[in-house]
Amino acid sequence: MAEHRYLGKNQPRLAARDIVTGRARYAADEKIAGMLWAKVLRSPYAYAKIIDIDTSKAEALPGVKAIITYKNAPHWKAGMIIPHKHLLSDTVYFIGDAVALIAAETEAIADEARDLIKVEYEELDPILSIEDSMKEDAPQLYPEIPGNVADYEPFANQGMALTQEKVGDIEAGFAEADVIHEVTTVLENAQNPLPPESPGIIAEWNGEDYVTVRGSMSSNGLCRMMNSGCMNLPISKMRVIASYVGGSYGSKHFSSNGLIIHYAAALSKATGKPVGLFYDREEHLTCQTTRMNSIGKYKIGMKKDGTITAIQGEWTGEAGAFNGEHYMIIAVGLISQGVLAQSKNVDISTKIVLTNRQTSGAFRGYGYLENAIHISNALYQTLEKIDLDPVEYFRRNRLKVGDEFYHAYMCSGMVKAAGPDALEMINKGAEKFRWDERWKGFGVPTYEDENVVRAVGVGFCGQSDVGEQLANENVNLTFDGGVTVSCVATEFGPGTRDVMRKIAAEALNVDLSMVRVTDSDSMAAPYEWGSTGSRSTYAMGTAVLKACEDAKRQLFERVAQIFHCPPEALETKDGMVSIIGHPEATVPWIAAIGFNGSITGVGNFGGEYNVLVQQVQFIEMELDKKTGKVTVLEQLCSTDCGQIVNPDALKGQLDGYFPGIDMAIREGMIWDKDGRIVNPNMIDYKTRTWNEIPKHENIILESAADGNYVGTKPPYGAFGAGEPSLAPGIPALTLAIYNATGKWFTTYPITPKEILDALREKEGR
Amino acid sequence: MRTEQKEYIILNVNGIDRKFTVGEDRTDVQPSETLAETLRNRLDLTAAKVSCDKGACGCCTVIVDGEATLSCSTLTVECDGKHVLTLEGLEDPVTGELDPIQQAFIDHTAFQCGYCTPGVIMTVKALLMKNPHPTENELKEALAGNYCRCGSHHQVIETVMDMTREEA
């Protein structure tokens, strides 16, 4: 394994001091002179027509600067593929949909003005479930989306079968099977990503139709690409400056549902002033995005050795009140088939439907978490029929290097797995957890007495988008030996910008303190998506590394002229260049760069979709037989990140596993019969507290430290491992709860009452 | 020039007395104003965050007269004559030296997005002021009201237990 100066070693993370001293400025901490405060009047009905709206009293209130309703709103539309969601319209599509936008001198005045607007509605019958949206007599929500089912033909016409997967001969496959089993799983938690910081945006529209947007945005270029068009602007006329982001987990990458941006921008355009819009927690929980609900029906044909002869699926996702990036969620999610249930015969059809509920969107585990639950539930129940230990199944059926798997997203075809082989992470995890000893078979607890029953479970997941999309970064070497990395990576938790800093410091062999990374400002760095989809370390890191190599090449070419040697004979350390093996022949960078000069290296990366980030989780839980309460006793994550960049930061990413297990047993939005969320606050939306944190361990392998990959090479072998931490927890707990209760649950969250009922049934009571 | 008699309060914030008139004008602290609003909007002390605004997440935690206090659920007028310590007050303003808790959080990367960190550090500070060597359960109980979504719980617990462990 190569010896590195920084990689794999702990140094204080970039921004650490800002964060622990309170200097880190998040959206609501920003101050812009002359800023107005925005508020949004929201619909109390899930589906209704606005008959009359009277803003006269609100407009008369001193300090009110603008009120926008559908009558005077700019003709902006959001939604994909065909834009269909007007900025404001005379129809409201969910409880919390925007009716009017208000800008005022103070927050209190904006609040008061909101209360003075009178609206008369005509209520319409809403669609409040996936099933109802597909009924023949269901209301048609948008003329652009007939039947309430999103149309992805335009992608298919371009050869991108983003939302379906067909390989081999499904009927022949089932004919070969020893067992065939079908399971339908309903995921209607609408789990909220719930970052501690609610979204906040400050928009500044200037007279030239150019908008600057500051605040809590985690993916700079993606946000511009998806939102500039909604405001009838080219990407180049939307500048994004990300503040520190107080958690996103996908919810603040504002891909196609950045309504908060459009609202603030429209008010800024109307007033000519910077406008700040900061959602409160109730708006955050009811009007921003949740995890995509979905129903998955999967049929698996299996041989007695665990080989899957055929897998057939119907997977239907709920976009909610308008359709955005859901095709990408589904496309990425289809990877779960290749990772979990390889087969030569596959037929999975998918659908995205609209309802009158809160819009869903990105959340850590982007589609592959959801589909891993659907597939695992079918898989485990099938494995029970042939009595094969799921860990042994994963060992046998994992994707090996060179195996082909279907990749809907970007490729729409078969991709050869470049690795890593998951065998070692499975084996090391199983050994550390003592799986072979603790697994007693399907439906068998590990321990039971009159009060409690304990059982173990396992879950597995993966995706291959760590190298996704084009990446562009620049690196500037200054004559004083300093390095500036121009990169739109955001400070949002995983330490992505620090990864860029360390890669540059490693490649240019300079002291870490001499490397600076630009703010996430689209005017300070080349265009690219930014931090999203687990791509930062691999895609952005590769471009940073290439930019460093380009800069080093230019530097060495100049120094070669001084020493009359070939550039290959040179090395650099701490702002000096020497002939290798001849320390007496050393010059500082300034000798080559010149006083007041600099060298810019350019790095590009074209995107790769063949490196897998995978994680296996083992869980032991205990059920209280009197209350049905699930207590997770022990939890182990095992993964492979290729090469560790920041040990402590990576550990933190894996330690963030618990929203996964809590999606299985605790978290979710609760709707009343009218489509109103009744738990939009942090007392009633239940999350895990510090005194409920189980015993937890991580195993992090570094299989690519020497970079031995087929046709691809992540920077120093590092491709990250943070995102999948939630996904395996739900199948793992589902299995453990089955082993304890004898009941396969297929709806979530699994409640204590349902568990008690299952225990009673098992005991014949 | 006109004069007006107004009621006022004095809060000692991070060692400095701050005087505020109380009333309904924009320059006055209103009787309904929370300590979080006063700290953030009037004193530019933005480390404490208003996150859930219902006292359920701990992001706004500061220390008032030695007690960990939710500043989003505390009225500023109630703090008249009290000593308020915020995260900004832990750093020595002259030398820049950090509180040992802050330094330990840096040394062990006991944070991710950092949004809950000000509240977490102040909660730990308040605990250690009373109980310099807490058990792990005492620490977890103290932090039970601090919401963290990234999953820094394990690292915070390890960091604080490590720094407070009594030498054998």
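Predicted model: local features only at pLDDT ≥ 70, side-chain atom pairs only at ≥ 80, totals over all residues.
Figure 1. An α-helix has 3.6 residues a turn, so residues three or four places apart point the same way. Arg434(A) follows α14(A) and has a positive phi, near 60 degrees.

**Figure 2. Strand β23(A) and its pairing partners β22(A) and β31(A).** Strand β23 of chain A covers residues 452-463. Eleven of its twelve residues are buried, so the strand is largely enclosed by the rest of the structure. On one side of the pairing scheme is β22 (residues 447-448) of chain A, which runs antiparallel to β23(A) and is joined to it by two bridges. One pair to locate here is Gly459(A) with its bridge partner in β31(A), Gln617(A).

**Figure 3. Asp52(A) in strand β2 of chain A.** The strand that holds Asp52(A) runs over residues 48-54. Asp52(A) counts as exposed because 9 other C-beta atoms lie within 10 Å, and the exposed class takes in residues with 12 or fewer. Tyr657(A) is 605 residues away from Asp52(A) along the chain, and the C-alpha atoms of the two are separated by 48 Å.

**Figure 4. Contact between chain A and chain B.** Chain B contributes 39 residues to the contact and chain A contributes 42. On the chain B side, four helices each supply at least two residues: α2 (100-107), α3 (117-130), α4 (136-142) and α5 (153-164). By class, this side of chain B consists of 18 nonpolar, 14 polar and seven charged residues. For the complex, the predictor gives an ipTM of 0.97 and a pTM of 0.97.

**Figure 5. The two domains of chain B and the contact between them.** The domain assignment divides chain B into domain 1 (7-89) and domain 2 (100-164). Taken over C-alpha atoms, the centres of domain 1 and domain 2 of chain B are 22 Å apart. In chain B, 14 residues of domain 1 are in contact with 13 residues of domain 2. Strands β3 (61-64) and β4 (67-70) of chain B each supply at least two residues of the domain 1 side. The element that gives the most to this side is β3(B), with three residues. The side of domain 1 that touches domain 2 of chain B is made up of nine nonpolar, three polar and two charged residues. Chain B has an average pLDDT of 96, and 99% of the residues score at least 70.

Terms used. Residues numbered from 1 in each chain as written. Chains lettered and ligands numbered in written order. Contact = placed C-beta atoms within 7 Å. Nonpolar A, V, L, I, M, F, W, Y, C, P; charged D, E, K, R; others polar. Domains from an automatic or database assignment. pLDDT = per-residue confidence, 0-100. Buried ≥ 20, exposed ≤ 12 C-beta atoms within 10 Å, placed from the backbone. Pairing = 2+ DSSP bridges.
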